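These notebook entries record what I looked up in one structure. Each entry keeps to a single topic.

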Amino acid sequence: MTDRNIPVTEDELHAYVDNELPAERRGDVEAWLATHPDDAGRVQSWRAMAEALHARYDSIVDEAVPKRLEIERLVQQPRRWVVGAVAATLAAFVVGGGMGWVARGATAAVPSVLQAFTVHAIEAHRLYVVEVRHPVEVPGSERSHLQQWLTKRCGWVVRAPELTGAGLKLVGGRLLPSSAGPASFMMYESASGERFTIYTAKSEAEATQMRFAAEGKESTLFWADDGVVYAVVSTGTDRGRLTQVAQAVYDQMEKKGG
């Protein structure tokens, strides 16, 4: 017998979406969602992102890894060659995926894990950047708490970079799902209402150079470092402005070690 007055936790909401919630608790969660529209909206958005990823990538998830990218081959090469090879694979055009990828004029196949990551980052940006009352879970006025909470939940050091030099103020952040586990999401805003989001999640990529992707009106600059991928996303922003913001984020992550 369970008590329906017990608040539903974030973990239970994720388990509910993933169909991993114990049967005896499912009814309690559904009753909770019926009276908590904010949580119901989050659950709906998580399901939408999961369905979008399945629709796009289920057909390629079991594709064989190219011989030149097999771990056994890469680890036998000098580190400089490995970094170059990984960077080269990230310059890409996603066939049929609707995204344009640019990397110093070169094109090659993009690992599906990074395709999925950019889909998550852009869709999360689209979902929350238009929100007026509830764009984030933790407000920017609680920066210290936000960083500690996301660090604890995500499993790596999450920092909210200082972007006043780029004319941006921290709106706040929230915890989101990704194909590799939890992801952090932070939103920044300029005095004119221009918004940028920073999405980070775990990745198999150890280190990559900054790369560009665009889908519709949204564009992103993303990179990987020490098993974490970062994406700075904007809507209708010119490439120069996006680069300015992404470079400021990158520089602070480099200096502070994550």
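**Entry 1: Aromatic rings**

I searched the whole structure and found four aromatic pairs; rings of Phe, Tyr and Trp (its six-membered ring) pair if their centres lie within 6.5 Å, and planes under 30 degrees apart count as stacked, over 60 as edge-to-face and the rest as tilted. For W223 and Y230, the ring centres are 5.5 Å apart and the planes stand at 15°, so I recorded this pair as stacked. W223 and Y230 are both buried, where buried means under 20% relative accessible area, exposed over 50% and partly exposed in between (1.4 Å probe, protein chains only). I also noted that W223, Y230 and Y250 form one aromatic cluster.

**Entry 2: The model and its confidence**

This is a predicted model, in which local features need pLDDT of at least 70 and side-chain atom pairs count only at pLDDT 80 or more, while totals for chains, interfaces and linings use all residues. Residues are numbered from 1 along each chain as its sequence is written, and side-chain values use heavy atoms, with hydrogens and water left out.

I looked up the pLDDT, the predictor's confidence in each residue from 0 to 100. The chain averages 77, and 71% of the residues score at least 70. Over residues 78-111 the pLDDT is below 50, and this stretch has 63 contacts in the model beyond near neighbours in sequence; a contact means heavy atoms within 4.5 Å. Where pLDDT is low, the predicted coordinates should not be read in detail.

**Entry 3: The chain as a whole**

I recorded eight helices and eight strands in the chain; helices (H or I, at least four residues) and strands (E, at least two) are DSSP runs, numbered from the N terminus. Of the 258 residues, 46% are buried. Among contacts in the chain with a separation of 6 or more, 55% are between residues 24 or more positions apart.

**Entry 4: Strand β3 and its partners**

Which strands does β3 join through bridges? Strand β2 (residues 138-139) and β3 run antiparallel and are joined by two bridges, with P139 having G172 of β3 as its bridge partner. Strand β4 (residues 181-189) is also antiparallel to β3, and nine bridges join the two. Two strands pair if DSSP finds at least two bridges between them. K169 stands opposite E189 in β4, and a hairpin of two residues joins β3 to β4.

Is β3 (residues 169-178) mostly covered or uncovered? I found it mostly covered, with nine of its 10 residues buried.

I then examined V171, which is found in β3. Leaving aside residues up to four places away in sequence, V171 touches P135, V136, V138, P139, G140, M187, Y188 and E189. V171 and P135 are 36 residues apart in sequence, yet their C-alpha atoms are 8.1 Å apart in space.

**Entry 5: Charges over rings**

A charge sits over a ring if NZ of Lys or CZ of Arg is within 6 Å of the ring centre and within 35 degrees of the ring normal. I noted the charged end of R174 over the ring of Y128, 3.9 Å from its centre. The charged end of R239 sits over the ring of F212, 4.0 Å from its centre.

Where is D226 placed? I located D226 in the loop between β7 (218-225) and β8 (228-235). D226 is exposed, with a relative accessible area of 66%. Its phi is near 55°, a positive value in a residue other than glycine. Most residues other than glycine have a negative phi.
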